[in-house]
Amino acid sequence: MIIGLTGKNGSGKGEAARFLMDAGYQYYSLSDEVRHELERRGVEVTRDSLTTTANEMREKYGAGVLAERTLEKLDPTAHAIVDSIRNPFEVETLRRRDGFYLINVNADTKVRFERVKKRGREKDPTTYEKFLEVEAREAQSDDPASQQLNRTCEMADAVVTNNGAINDLHDRIREVINALAMNKKRPDWDQYFMSIAKVVAMRGNCIKRKVAAVLVKDKRVVSTGYNGTPRGVANCSEGGCPRCNRLGVSGTDLTECLCSHAEENSIVQAAYHGVSIKGATMYSTYSPCLICTKMIINSGIEEVVFSESYSMDEVPMELLKQAGVKIRKIEEE
């Protein structure tokens, strides 16, 4: 889950971030990207210099640049907070990542002004009139590269009102996070195992195509395999298979190919380690070739689930049907 925080000056975003950090969320701020730029330029970091430089960066590199750079740093296995979101294009960029939710931390104007005064940061507005003037400048603009807090806040998935005590803010954040977590859809089993297969495929050393197969029993992975040359032989990507390295037409000269297929390797690996695969389901990134199809049938695999069709799969598909092996193609979203 990636929680984005937006809101106007003095609303309590910092306290919301600290609460989530204490709960184990990793912290990122779009403003940090601007601070790095200011440090590179040798410019003092102030609210005005942050705003001006952020606008310049959006103008030069695209309105979503700060979010794009932050996304590159996120740990995909950890919950995260992304703070200082002030432009609608930043929200749209962050929404590309599954599990992103935007929270608008809000408070009455006079409450926020009193907090800013109490905070006493240098360069902060010291009068209510100046506070309103700065806020109006940050709230909206016709320039898509500028801060547009009004529009950004309107894009929030949830609003947390923070006019009271810190404990009240914490309670409200806890309620919102729990509600968002309940609504977050987990991958189904097909998506789960196929995503594992796609990661396994990255290990493939074939120079022409990366393919993987995962064998599953009782919703547990029992064997995996990816395509490449046999154990102890130079990798295909290192010249180990002359046929693949010629980059010939797909589906031709298969008898000269030295690479083992992913489906074949997943079956052989199970045999190598003495693991029964009778009754298993195979998740493969591609539909099997004829040779692998015969191995699938004779090894007792009951179902084949694949995401991409092989160019020569008509005969293998018919053979699997005759043998009573279930076949399913899952469509990618």
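Which residues does Ser 309 touch, not counting residues up to four places away in sequence? Some notes on that and the rest of the chain follow.

1. Ground rules. This is a predicted model, in which local features need pLDDT of at least 70 and side-chain atom pairs count only at pLDDT 80 or more, while totals for chains, interfaces and linings use all residues. Residues are numbered from 1 along each chain as its sequence is written, and side-chain values use heavy atoms, with hydrogens and water left out.

2. Ser 309, to settle the opening question. Ser 309 touches Tyr 286, Ser 287 and Lys 329, leaving out residues up to four places away in sequence; contact here means heavy atoms within 4.5 Å. The residue sits in the loop between β9 and α14 (314-322). With a relative accessible area of 36%, Ser 309 is partly exposed. The cut-offs are under 20% relative accessible area for buried, over 50% for exposed and partly exposed in between, with a 1.4 Å probe and protein chains only. Ser 287 is 22 residues away from Ser 309 along the chain, yet their C-alpha atoms are separated by 5.1 Å.

3. β9 (residues 303-308) is mostly covered, with five of its six residues buried. Its partner β8 (residues 281-286) pairs with β9 in the parallel sense over five bridges. For strands to pair, DSSP has to find at least two bridges between them.

4. Overall build. I count on DSSP runs here: helices are H or I with at least four residues, strands are E with at least two, and both are numbered from the N terminus. The protein chain has 14 helices and 10 strands. Its radius of gyration is 27 Å, well over the 20 Å that the globule rule gives for 333 residues, so the chain is more spread out than a compact globule. That radius is taken over C-alpha atoms, and the rule is 2.2 Å times the number of residues to the power 0.38. Along the principal axes, the C-alpha atoms fill a box of roughly 80 × 40 × 35 Å.

5. Of the 333 residues, 45% count as buried. Among contacts with a separation of 6 or more, 64% come from residues 24 or more positions apart. The protein chain exposes about 18,300 Å², and carbon and sulfur atoms supply 49% of that; the areas come from the Shrake-Rupley method with a 1.4 Å probe, and for residues only the protein chains shown count as cover.

6. Strand β4 and its two partners. β4 (residues 100-106) is mostly covered, with six of its seven residues buried. Strand β1 (residues 2-6) runs parallel to β4 and is joined to it by five bridges; Ile 3 has Tyr 101 of β4 as its bridge partner. Strand β5 (residues 158-161) also runs parallel to β4, joined by four bridges. There, Asn 104 is partnered by Val 159 in β5.

7. Two spots in the β3–α5 loop. Ser 84 lies in the loop between β3 (80-83) and α5 (88-94), and its phi is near 65°, a positive value in a residue other than glycine. At 10% relative accessibility, Ser 84 counts as buried. Asn 87 is found in the loop between β3 and α5, and at 0% relative accessibility Asn 87 counts as buried too. Not counting residues up to four places away in sequence, Asn 87 touches Arg 58, Ala 63, Pro 144, Ala 145, Ser 146, Gln 148 and Thr 152.

8. Glu 135 lies in helix α7 (residues 128-139) and is buried, with a relative accessible area of 12%. Leaving aside neighbours within four places in sequence, Glu 135 is in contact with Lys 8, Thr 109 and Arg 112.

9. Helix α12 and its cover. The buried residues of α12 (residues 262-272) are Ala 262, Glu 263, Asn 265, Ser 266, Ile 267 and Ala 270. Their cover includes β6 (212-217), β7 (220-226), β8 and α13 (290-299). After α12 comes Gly 274, with a positive phi near 70°.
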